[in-house]
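This report considers one protein chain and its local geometry. The sequence and the coordinates are shown first, and the discussion follows.

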Amino acid sequence: MGLGLRPLLKPKTKDLRTKAKHQGNYMQNLLQDIRFGLRMLLKSPSVSIIATIALALGIGANTAIFSVVNAVLLRPLPFPQPDSLYSVFETDQQRGYKSGSHSYPNFFDLREQNTSFERIASYYSSDFILTGTGEPARLQGAVVTADLFPLLGIAPLHGRAFVADEDKPATTGRVVILSQQLFQRRFNSDQSLLNRTITLNGNPFTVVGVMPATFEFPIQNEPVDLWTTIAGDAAGKSPVTGQRGAHFLRVIGRLKSGVTQEQAQSEVQAIAARLEQQYPDQNTNKSLRVESALAAMVGDVRPALFVLLGAVACVLLIACANVANLLLARATSRHKEMAIRAALGASRMRVIRQLLTESVLLSLVGGAVGLLLAVWWSDLLVALGKEDIPRAVHVAIDWRVLGFTVAISVLTGLIFGLVPAFHSSKSELVDSLKEGGRGTGEGARRNAIRSVLVVAELAMAVVLLVCAGLLIQSLWRLRNVNSGLNPENVLTFNLALPEVKYDYNRQSQFFADLKSRLESAPGVQSASSIYPLPLSGERFSISFQIEGRPVPEKDEPSGDFFTTGVGYFRTMGIPIIRGRDFNETDRHGSTPAIIITDTFARQYFPNEDPIGKRFQP
């Protein structure tokens with residue numbers, strides 16, 4: 001048996017040695033191709049520079065857009081098991097839109113009745129005024145239910161998370177968790193601050209924790225400074241936690257293991273149907289929809305980014321056609337070189353590999369330059385679209401973007417190098433070595449290939465120009481849409497007064513004094529106030545009953561409304577086509593006055609004068 005094993009082992013050892021030898025030869029040939037390719041690029045600097053610029057523009061544009069796509073669409077949410085996180089939206093079946101806003105009672109019912117979610121929490125953004133520690137500061141905060149941090153799977157860096165009892169009305173103070181950035185910036189990372197109180201909106205809040213620097217929620221371009229519980233909303237004579245008609249909450253949940261999105265959707269729809277039957281005045285035509293938390297955050301940006309990525313891909317294809325034409329033109333001066341290679345025994349595949357190596361080297365150089373351009377372009381995209389692109393602050397050149405750049409550079413080199421490589425390797429040995437060079441038949445074939453590339457390049461360029469023209473026309477029309485107000489030379493700022501210190505009368509007096517002082521400032525023609533700010537995306541809706549036209553509460557019409565100060569319409573250049581503007585007599589305690597739009601008047605008071613008509617919110 002021993003003698004029989006030796007012959008069997010020898011061929012295997014020989015195969016391994018042969019394989020290793022082939023691998024060594026392959027690597028040696030590849031290094032030779034790379035060195036020769038670099039010499040050829042340096043030998044034709046004008047062609048190399050032009051090709052590098054064309055490729056850098058195409059690859060750089062693709063890398064810049066991909067960096068945005070990566071940050072917005074591909075990067076998972078920064079929480080453990082992000083795929084199990086889902087947002088629950090409220091939908092209006094009659095109007096066919098997704099509002100996303102829940103009321104506290106509806107949320108409480110959803111939390112108690114569902115069996116699909118491991119945990120479910122509500123939240124909304126709110127501003128806070130920090131006082132008592134140096135200069136007052138306006139902070140971005142979030143009011144959340146106590147389940148939020150365990151749901152997200154993130155523990156505080158210092159201190160502890162909220163507990164369920166801290167959602168209840170507080171008698172001696174409320175609790176707050178700070179971001180690490182605020183903890184460092186305002187309190188010098190003093191850990192003795194834990195379990196001490198700070199003053200927010202004139203109320204004492206006990207600091208119970210500090211979140212890690214990497215934690216962010218809600219995920220938005222403006223970082224959140226602090227989180228507090230719903231204890232403040234649960235306090236008072238008429239707590240908002242008991243108002244079923246006050247819809248302003250966002251809801252997020254983590255599905256239980258083994259529960260699918262479809263199962264959760266079916267359950268929340270059944271819960272919404274029960275709530276509609278129990279509370280028809282507030283929940284008629286309202287349902288619920290479950291969406292991936294990432295998809296819900298991205299919203300309508302996804303198709304726009306993919307369209308933009310497709311557009312820059314066309315730019316890269318145009319660059320490939322340009323470079324392929326350059327290489328075909330350069331191939332004319334290299335036909336004798338290819339013929340000599342063939343005469344010396346080089347196979348056609350060996351010549352193709354050499355030429356493709358040169359193309360890939362050229363594209364890698366273009367990719368390196370394009371990466372530098374992408375860094376600048378991505379910063380420009382973030383600066384221009386920070387308000388419209390979610391997670392824009394996370395756009396960066398990371399390992400995924402670098403991998404994309406390398407991959408697209410290699411792929412680009414193969415795309416624009418294949419046609420010139422196959423064409424140049426197809427050498428007629430005898431004719432090429434003659435003094436006259438290539439024959440007319442081969443020249444005609446080369447010209448035909450170049451013509452096809454030119455036609456493809458022009459076709460893509462025309463498509464891009466048409467699309468760009470349509471986009472520019474759309475943007476021009478959007479800029480010239482009459483919004484009903486004149487934004488020229490208008491400056492805005494936000495101002496919030498703590499209710500603890502400023503009751504309604506003191507707030508009214510404060511804003512009246514502020515308006516007077518602003519109007520007396522040099523260069524100011526007029527000043528006023530409004531909430532929410534027009535065109536900001538914020539909206540408040542109210543249902544109403546028109547006097548003399550009673551309808552069931554569930555069928556009440558509704559509309560958006562703004563609260564304005566005296567002189568707002570004059571300040572914004574909005575003409576009043578009928579009736580009068582607000583004046584100083586329209587104060588708290590007097591008969592409420594309202595100004596409606598012309599569209600509202602035509603809809604609810606057709607063929608009659610709306611002045612003097614009355615309705616009850």
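## Local geometry, pairing and confidence

P218 lies in the loop between strand 8 and strand 9. In this predicted model, a cis peptide bond joins F217 and P218, with omega at about -5 degrees. P532 belongs to the loop that runs between strand 12 (530–531) and strand 13 (541–543).

Most residues other than glycine have a negative phi, and most peptide bonds are trans. Q81 is placed in the loop between helix 2 (45–74) and strand 1 (85–92).

### Strand 8 and its partners

Strand 8 (residues 203–211) pairs with strand 5 (residues 158–159) in the antiparallel sense, over two bridges. Within that pairing, H158 has V210 of strand 8 as its bridge partner. Strand 6 (residues 174–179) is joined to strand 8 by six bridges, and these two strands run parallel. Here V176 is bridged to V207 in strand 8. Strand 7 (residues 197–200) runs antiparallel to strand 8, to which four bridges join it. In this case the bridge partner of T197 is T206 in strand 8.

| Partner of strand 8 | Sense | Bridges |
|---|---|---|
| Strand 5 (residues 158–159) | antiparallel | two bridges |
| Strand 6 (residues 174–179) | parallel | six bridges |
| Strand 7 (residues 197–200) | antiparallel | four bridges |

How many residues lie between strand 7 and strand 8 in the hairpin they form? There are two residues between these strands, and N201 in the turn has a positive phi of about 55 degrees.

### The contact of helix 3 with helix 6

Two packed helices are described by the angle between their axes and the distance between the axes. For helix 3 (residues 104–113) and helix 6 (residues 261–278), the axes come within 10 Å and cross at roughly 130 degrees. Helix 3 is therefore oblique to helix 6. The crossing of helix 3 past helix 6 is right-handed.

On the side of helix 3, the contact is made by N106, D109, L110 and Q113, which meet E267, V268, I271, R274 and L275 of helix 6. By class, the residues of this contact comprise four nonpolar, two polar and three charged.

### Confidence along the chain

The chain has a mean pLDDT of 80, and 80% of its residues reach 70 or more. Strand 9 (residues 226–228) has the highest confidence, at 96, whereas helix 13 (residues 429–433) has the lowest, at a mean of 49. The pLDDT is below 50 over residues 1–11, a stretch with zero contacts in the model beyond near neighbours in sequence. Residues 435–440 also have pLDDT below 50, but this stretch has eight contacts beyond near neighbours in sequence. Where pLDDT is low, the predicted coordinates should not be read in detail.

Note on methods: Residues numbered from 1 in each chain as written. Predicted model: local features only at pLDDT ≥ 70, side-chain atom pairs only at ≥ 80, totals over all residues. Heavy atoms only, no water. pLDDT = per-residue confidence, 0-100. Contact = heavy atoms within 4.5 Å. Axes fitted to C-alpha atoms, helices over the stretch in contact; angles between N-to-C directions. Parallel < 35°, antiparallel > 145°, perpendicular 65-115°, else oblique. Left-handed = near helix turned anticlockwise from the far one by under 90°. Nonpolar A, V, L, I, M, F, W, Y, C, P; charged D, E, K, R; others polar. Pairing = 2+ DSSP bridges.
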